[in-house]
Amino acid sequence: GEGERATRNRLRAALARQDEPLGARPPWSLSRWQFCHWFRAEWPAHLLDLQLPPCKALSVACGRGTSPKRSGPRWVQSTLSNLVLGVRPGKRGADEIDGGTAQQALPNPGPTAHVVGHATFDLSCDHPRLLPSPSQWTVSTKSTVTSITKYGGQCLQLDAALFALLCRGQQEATSPAFLEAVHSSCRGQLLADRSHSVPWSRHLLARLQHLTNAGALIGARAVTWNPHFRQFVSPEESDIALGSVASVSHVDKSVACLLLLDDYPPELRLGILTSLTAGARVGSRNWVLRKDDRSHTAKRDRESLCRMGCRLTLRLPRRALVQHEPGWWAAARFDQVPSTCVAELWVVGHEYSGVAARSLAADAGQWIQRREDFLTDPPDWDPTTEHPLSVYRECQQDALAQSWTGWVVATDGACDIKRGWMGAGVVFGASASTTSALIRRVGGPVSSTRAEAAAMHVLLSAAPAAVDLLVFCDSLCLLHVLSKWALTEVDPEPGEVRNQDIVLAILSVLRLRSGRTHFVKVKSHAGCMLNERADEAASAGLGPESSGLPTIWQTDPKPSFIRVRPRSHLKQDPMYRSLPEDEVHNEALVRAAVESTDRAAFLSRDTVFSKTLAAEAVAAAPVLRVVHSLSIAAVRCWMKITSGIYPTASYLHRIGRAPTSDCPHCSGGARETLGHFAGECPRFHDARTSAHNQSWSTISSVLSSMLPSWELCWETSMSACGLELSPARVSGLVIPRTTCVTAGSLTPDGVAVHRTLRKILILEFCRPAHGSSPSLQAAWTRKREKYLPLGQCLRKYTSAGWSFDVLPFVVSIHGFVHVGGLQHACRALDLLPAQQTVLENTMASSSVEAFTFLHRVRCSVTPTVGGSSPQVRHPLPRPAESRKRARSDGVRDSPQAPAQDSQPPSRRPHVS
């Protein structure tokens with residue numbers, strides 16, 4: 001009312017005279033309810049006439065003293081002063097945070113363990129801890145990582161649990177010789193990571209140990225030793241002091257071995273394979289795990305394995321989750337990432353049937369999702385005997401779960417800032433096979449700490465008050481706030497007050513619990529099973545309001561947020577369904593709304609250009625990505641042919657600029673349309689061939705760089721590719737030998753042969769004049785039907801297990817790509833999605849530039865009916881080894897007609 005405004009203006013004027021810069025700040029409004037809710041104070045009526053200093057007046061208004069021992073009054077004084085001056089609040093006291101209930105200050109045992117009633121907080125994970133070390137050495141542990149520093153030397157790190165395992169087998173774990181050996185192992189692994197080593201997932205190695213029952217891991221250094229294997233043989237000689245077996249020959253003959261071939265330098269691999277295969281193994285098999293990245297080194301390794309009688313039993317494709325990030329052993333991060341190469345498992349020394357190989361592949365799985373094989377017990381697990389894995393588990397950050405008598409729980413939160421989604425996940429159970437999860441969707445302002453706090457409140461609300469809880473949480477901010485706010489002497493930062501509604505609810509539930517509650521800070525992505533599963537549960541909680549997940553802590557959006565509400569008749573449009581929730585940031589919401597509005601405006605335009613791009617959205621996506629990088633002339637030509645206004649005789653006659661629609665360049669009397677000019681007119685046959693060569697040369701050069709291990713032949717007849725063609729059989733009848741001669745004279749645009757993968761692929765390129773999806777599909781089918789009969793002539797290879805396929809690359813003159821056919825080709829060539837995108841962009845840009853070249857040729861000739869083909873005086877450069885054969889109309893698409901003027905290939909594959 002008037003009294004409040006008068007007091008506010010009077011105090012503002014008094015402080016403005018005292019501090020002019022503060023008085024000049026812009027004010028911000030505060031409702032009566034917010035004032036009473038935050039500060040528990042009323043404005044007394046007698047303050048309206050008091051002439052007191054601002055801080056004293058505010059102290060009287062709050063009805064408190066100014067004791068320096070309590071932070072509440074001081075904070076309220078400064079906060080109310082700032083409110084009057086237009087400054088946002090600063091720090092807050094304990095009485096305001098805890099709802100005004102006075103709590104007696106509890107003892108604080110130290111910086112790493114806080115006790116609040118029946119709740120304890122163990123934050124030692126994020127505090128460095130010095131370990132015993134000799135002179136000139138420093139050994140410390142923090143966040144599951146052990147750091148070893150030599151005076152004046154390099155600081156090297158490794159997994160803390162593995163370091164404890166290595167120390168367990170040493171009599172003097174703190175001796176300089178032991179630390180020097182660990183240092184040497186770390187340096188050797190760093191050098192191997194840079195050159196040849198593969199960061200195989202520890203879950204993959206554990207799974208292979210379970211399937212093969214291998215007892216020794218050959219190739220792993222001490223810092224990468226997988227404790228599922230009882231023994232390991234290291235390439236580093238200094239690792240013998242850390243428990244490594246001296247060499248392969250020192251391993252017991254009855255123990256099966258798993259060799260990590262790529263962990264050895266290429267020059268030593270043949271010797272290691274020879275040592276592994278030498279001598280008979282009693283009732284056991286040796287195994288080799290290697291990568292196949294199509295390099296010359298991988299090719300030599302494969303040939304060596306074949307010479308020694310090894311057999312391929314398992315092949316995991318690229319992009320399978322069988323690797324860790326580089327340097328995983330030093331950072332103790334065990335996230336599973338898609339592999340960059342193919343993983344192969346070979347068996348050594350014994351005959352292995354195909355049935356057993358298929359059974360092994362089925363038991364190994366597909367590895368397209370996250371695995372937890374490292375967390376399961378090995379087949380030879382015996383709790384009564386000491387196993388390296390049991391020692392490793394005793395030193396992990398979640399080791400307390402093995403001896404805890406109550407509930408073992410983990411909480412985690414997930415946040416998608418762009419979409420405005422938050423999820424909370426809670427996982428119960430200490431065993432890998434007995435866990436249950438609670439998944440919730442979280443509302444309110446988007447914040448990762450809010451999602452973590454919501455998950456903690458879900459746990460405390462669901463657990464009985466008398467049950468002892470062991471809670472693993474990876475949010476240091478949340479645990480710090482809980483341990484700090486529960487005490488009386490608290491002085492939180494402004495950022496800690498944002499999620500006070502959930503934090504106060506958590507503290508209220510904690511004070512009502514009678515059982516013990518022990519919070520443990522753990523490092524995320526570091527091998528804690530419950531934390532990993534809680535992270536998955538929280539990620540599953542991300543979704544819109546319509547996802548059906550129960551939503552907790554839903555609050556109204558802040559007044560500054562923008563709300564997007566499409567009209568009712570537009571809500572069914574698919575493009576409006578992708579709009580984010582109102583809780584996201586304004587920038588993301590406005591960007592999404594603008595993009596949807598722009599697309600709607602583009603689709604509403606009644607033009608040929610917009611209709612064409614809208615109808616062929618998938619095929620036109622590549623050219624839209626690269627149109628900004630094309631030349632101005634190419635963009636003009638592309639706009640004309642896409643808009644249907646390219647100046648052919650048919651179009652000029654329709655708009656009254658030409659007397660007839662007949663083609664002025666040929667004597668056939670045909671109408672000159674875009675399709676006639678770009679694909680049929682005999683006057684421009686040579687120019688079309690040159691444009692075709694130009695575009696295919698660009699695409700083939702990109703393919704050559706992507707396929708280093710393939711044997712490629714460009715513009716070479718089938719008979720000159722080094723492939724043996726056999727008489728074909730169709731419906732039981734033998735085709736005459738002359739048919740094979742004709743088939744051998746066919747000259748595809750490219751032939752790709754991979755001897756390791758046993759593949760023969762025909763590569764064909766086509767540029768139809770029409771860019772519609774049916775036209776692209778028809779061109780793709782026509783090319784396949786032309787060359788698929790070659791598979792019958794190559795039955796010598798197909799009967800031996802080789803695969804044969806035809807891969808047409810189809811792109812229209814508009815730059816519209818047949819994406820489905822290109823995806824099929826990339827799968828056959830085993831290319832990555834990023835490489836497919838590069839191919840799409842290359843095909844689109846080269847096709848448009850080729851048509852621009854054809855347009856320049858058309859503009860340079862004189863319209864002469866019945867004239868000869870114009871001579872291409874300035875063709876664009878092409879590779880010297882890829883000269884396109886000159887052919888007459890109709891010969892190229894005929895499966896029986898031989899190609900002319902073919903040039904021998906620069907590389908010929910010799911396939912056996």
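Q: Which residue in β6 is the bridge partner of threonine 149?
A: In β6 the bridge partner of threonine 149 is cysteine 155, where a strand is a DSSP run of E over at least two residues and a helix a run of H or I over at least four, both numbered from the N terminus. This is a predicted model, in which local features need pLDDT of at least 70 and side-chain atom pairs count only at pLDDT 80 or more, while totals for chains, interfaces and linings use all residues. Residues are numbered from 1 along each chain as its sequence is written, and side-chain values use heavy atoms, leaving out hydrogens and water.

Q: How many bridges hold β5 and β6 together, and in what sense do they pair?
A: The pairing of β5 with β6 (residues 155-159) is antiparallel and runs over five bridges; two strands count as paired if DSSP finds at least two bridges between them. In the hairpin that they form, four residues lie between the strands, and glycine 152 takes a positive phi near 75°.

Q: And which residues does β4 cover, and how many bridges join it to β5?
A: Strand β4 covers residues 137-142 and is joined by six bridges to β5 (residues 145-150), with the two strands running antiparallel. Serine 140 has serine 147 of β5 as its bridge partner. The hairpin of β4 and β5 has two residues between its strands, and there serine 143 has a positive phi near 55°.

Q: What's the strand order of the open sheet there?
A: The four strands of this open sheet come in the order β3-β4-β5-β6, with antiparallel pairing. Neighbouring strands are turned against each other by 30° on average, direction ignored.

Q: Which helices pack on it, then?
A: Helix α7 (residues 160-168) touches β3, β4, β5 and β6, and its direction makes about 90° with that of β6. Helix α8 (residues 176-195) also packs on the sheet, touching β4, β5 and β6 at about 85° to the direction of β6. Axes here are lines fitted to C-alpha atoms, for helices over the stretch in contact, and the angles run from 0 to 180 degrees between N-to-C directions; contact means heavy atoms within 4.5 Å.

Q: Switching topic: is serine 244 buried or exposed?
A: Serine 244 is buried, with a relative accessible area of 7%; buried means under 20%, exposed over 50% and partly exposed in between, using a 1.4 Å probe and protein chains only. Serine 244 sits in the loop between β8 (231-233) and β9 (257-260).

Q: Which backbone atoms lie by the side chain of serine 244?
A: A polar atom of the serine 244 side chain lies 3.4 Å from the backbone oxygen of phenylalanine 232, and the backbone nitrogen of serine 234 lies 3.0 Å from a polar atom of that side chain. Beyond neighbours within four places in sequence, serine 244 is in contact with Phe232, Val233, Ser234 and Asp239.

Q: What about the sheet with β19 in it, what order do its strands have?
A: That open sheet has four strands in the order β19-β22-β23-β24, and the pairing is mixed. Its edge strands, β19 (711-714) and β24 (803-810), each pair on one side only, and the twist averages 15° from one strand to the next. Strands β22 (residues 750-754) and β23 (residues 759-766) run antiparallel and are joined by five bridges, with glycine 750 opposite leucine 763. Helix α26 (residues 685-706) lies across β19, β23 and β24, at about 145° to β23, while helix α28 (residues 773-787) touches β23 and β24, its direction making about 145° with that of β24.

Q: Where does pLDDT stay under 50?
A: It stays under 50 over residues 557-561, for which the model has eight contacts beyond four places in sequence, and over residues 871-912, for which it has 95 such contacts. pLDDT is the predictor's confidence in each residue, from 0 to 100. Where it is low, the predicted coordinates should not be read in detail. For the chain, the mean pLDDT is 77, and 72% of the residues reach 70 or more.

Definitions and conventions. Polar contact = N/O pair within 3.5 Å; in protein donor to acceptor, adjacent residues only side chain to side chain.
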